[in-house]
Protein chains: 2
Amino acid sequence: MTRFLTPLAQGLPATVPFTGPETLERTRGRPFRARLGANESLFGPSPRAVEAMAQAAAEAWMYGDPDQHDLKAAIAAHHGIAPGHIVPGEGIDGLLGLLVRLTVAPGDRVVTSAGAYPTFAFHVTGHGGTLTRVPYLGNHEDPQALLDAAHATGAKLLYLSNPDNPMGSHHPAEVIEAMLDLLPATCLLVLDEAYIDLAPAGTAPRIAPDDPRVIRFRTFSKGYGLAGLRMGYALAAEPLARAFDRVRNHFGLGRIAQAGAIAALNDQGWLAHVRGQVEHAKLRIARIARANGLEPLPSATNFVTIDCGRGGAFARAVLTALQDRDVFVRMPGIAPLDRCIRISAGDAAALAVLEEALPAALAAARG
Amino acid sequence: MTRFLTPLAQGLPATVPFTGPETLERTRGRPFRARLGANESLFGPSPRAVEAMAQAAAEAWMYGDPDQHDLKAAIAAHHGIAPGHIVPGEGIDGLLGLLVRLTVAPGDRVVTSAGAYPTFAFHVTGHGGTLTRVPYLGNHEDPQALLDAAHATGAKLLYLSNPDNPMGSHHPAEVIEAMLDLLPATCLLVLDEAYIDLAPAGTAPRIAPDDPRVIRFRTFSKGYGLAGLRMGYALAAEPLARAFDRVRNHFGLGRIAQAGAIAALNDQGWLAHVRGQVEHAKLRIARIARANGLEPLPSATNFVTIDCGRGGAFARAVLTALQDRDVFVRMPGIAPLDRCIRISAGDAAALAVLEEALPAALAAARG
């Protein structure tokens, strides 16, 4: 502890939201053979994005445009809305942090689901907010219970991911649209749509761009295969979108990041290709799970959550046994979700490793 | 204004620290011929770094290592200290924001110089801190006056850049070292060494890595020519360094950024080459200034600050006239520093444009 920290900072835990696979590899002393834990896209980014990034690398002596003009224009055109609604940022993680900073004062209440995205909770705690965690209803986040909690606590923010991480479930657009009319007037809906590019048609709600009740988050990390670029964006009514300018790291999106994201967005054919590959991979993961007596849950994302059927300790043992066999996977952190493990829609090579390793891993976990 | 902002966020100005050259170019309707305003390195990044970034682009589907292990190891080896002292981040800008968040509660006092780095002030204001701005002593930040202000106000932070931006001056190591013993016990020295790679020998103070009284900031944006990558780092005693883990965007440094920075650090020959080019360019800028009756100030950085000799309005007219002639430069924002303009150590082509444009710009400003 250093004596210079604020009282709030002094009270924060030293824990981090996620342990990276590289950290595990260093501990193990050997690399994973299948990297299936972080829902990265093993199908890679668009070759056009790779080319754009390589070209931008030679120009990286120049700061990126702090107004992100061309990037915002490209995103705006993609969505058919005005650039003023768009807030690019250093991944959804970075943008969630800025949103919480803008809206949550110490002591303010925030509602999320028990087992939902840890990084959002990290930011709320980090800014002194108080979290209310609502249980899932089965494998879905529970809209009515979330709304009830928001009313009961006077929450400033209500977080919902749709499709959901870590369960892979989703609500149809109508459910989200209906939530907006039931929010407390003082509560903003934080709609994390990280996986929306992989979701079935009819999942993305129809929300007017200037609707002040919601802020939506999108990313280039999943379908676009650019997790290592760090690029996401928010969609919000202009007054809220522009409030980010008061606190953001204005030069934080570099030249390579902006060029890569624009090129990726302009290659929707690649995204369609990836969607096809992901559907194929999810079917294979489901087959592998069933062949081993496990239950794959329906997925609207680029991963399959598998119910191991015997509670958290067993699922954790399966996960450990898979990692011992060089398969990197993750699992939900909180009961009852932690009866599951979560496997990214990998390429054929990675899923072959999974298929080979799972029977022995299950045997080890059962032994 | 949106109704969801905290009282602090509601009170923040909508102003931004810097206007980017791209924004000016869009307003003007044509590009600059010489980009000499942001102290970018026109000599570019190491070709090895460019190659490393291009290779990493193809692997950008993977998140960057959130522990930044290899990057911290490379920086640690470079400085001959333990990795635990190192905090990589999204440029010094991003790291300054995290530092202020960790240390400055609303109402806390912070000392800086009048005319010093606007982005630091942006972060202090953004977290509710109260700034005391100490005048420069001539063309130098004034260590004794800064210390006096820190004592008088009970400041939590004292910001000093050495070498200085925007004046290009520097204090020898001994001056900084002596400051540490004169700090109030409750005040942390924030030592911004963005330009240290370009400074004369004997500028970097000898400070023990575990000295708790200071945090130093370095960047890949200046000498290393990677402003568009967004990569800087702090050096601090371990308790303070590790406190950043409580609030940082853990996956915020992507795969390309980490690979590029490691490669740049490993190519010290390129940095030496750039230093030579910068010295050459600074001599040429000084000659151009003198040939036009202006006074170039001594520079320990990769830019030359030029005293235009007639106060802020005249210098601003010169700057505008240069921009009208397609030369992007910047100037200090506050009197009496604003009698100057600030010109980056550009390559031969850019300085030829400057040499051609300056006489007419001066004539226009005088007319």
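**Domain interface in chain A**

The C-alpha centres of domain 1 of chain A and domain 2 of chain A lie 25 Å apart. The model is predicted.

Me: Into which domains is chain A divided?
Reply: There are two segments in the notation for domain 1, 19-44 + 269-366. Domain 2 is written as one range. That range is 47-266.

Me: What area is buried between domain 1 and domain 2 of chain A?
Reply: In contact are 25 residues of domain 1 and 24 residues of domain 2. Carbon and sulfur atoms give 64% of the buried area. The total is about 1,900 Å².

Me: Which residues of domain 1 of chain A lose the most area to domain 2?
Reply: Three residues together make up 30% of what the domain 1 side buries. They are A:L271, A:A300 and A:L337.

Me: How many residue pairs are in polar contact between domain 1 and domain 2 of chain A?
Reply: Salt bridges across this interface number 0. Polar contacts are counted with both residues at pLDDT 80 or more. The count is 9 residue pairs.

Me: Which element gives the largest share of the domain 1 side that touches domain 2 of chain A?
Reply: Elements giving two or more residues to this side are β10 (303-307), β12 (340-344) and α11 (268-291) of chain A. The largest share is 6 residues. It comes from α11(A).

Me: How many nonpolar residues has the side of domain 1 of chain A that touches domain 2?
Reply: Charged residues number 5 on this side. Polar residues number 7. The nonpolar count is 13.

Definitions and conventions: Residues numbered from 1 in each chain as written. Chains lettered and ligands numbered in written order. Predicted model: local features only at pLDDT ≥ 70, side-chain atom pairs only at ≥ 80, totals over all residues. Heavy atoms only, no water. Domains from an automatic or database assignment. Contact = heavy atoms within 4.5 Å. Buried area = accessible area lost by both parts, 1.4 Å probe. Salt bridge = Lys/Arg side-chain N within 4 Å of Asp/Glu carboxyl O. Polar contact = N/O pair within 3.5 Å; in protein donor to acceptor, adjacent residues only side chain to side chain. Helix = DSSP H or I, 4+ residues; strand = E, 2+ residues; numbered from the N terminus. Nonpolar A, V, L, I, M, F, W, Y, C, P; charged D, E, K, R; others polar.
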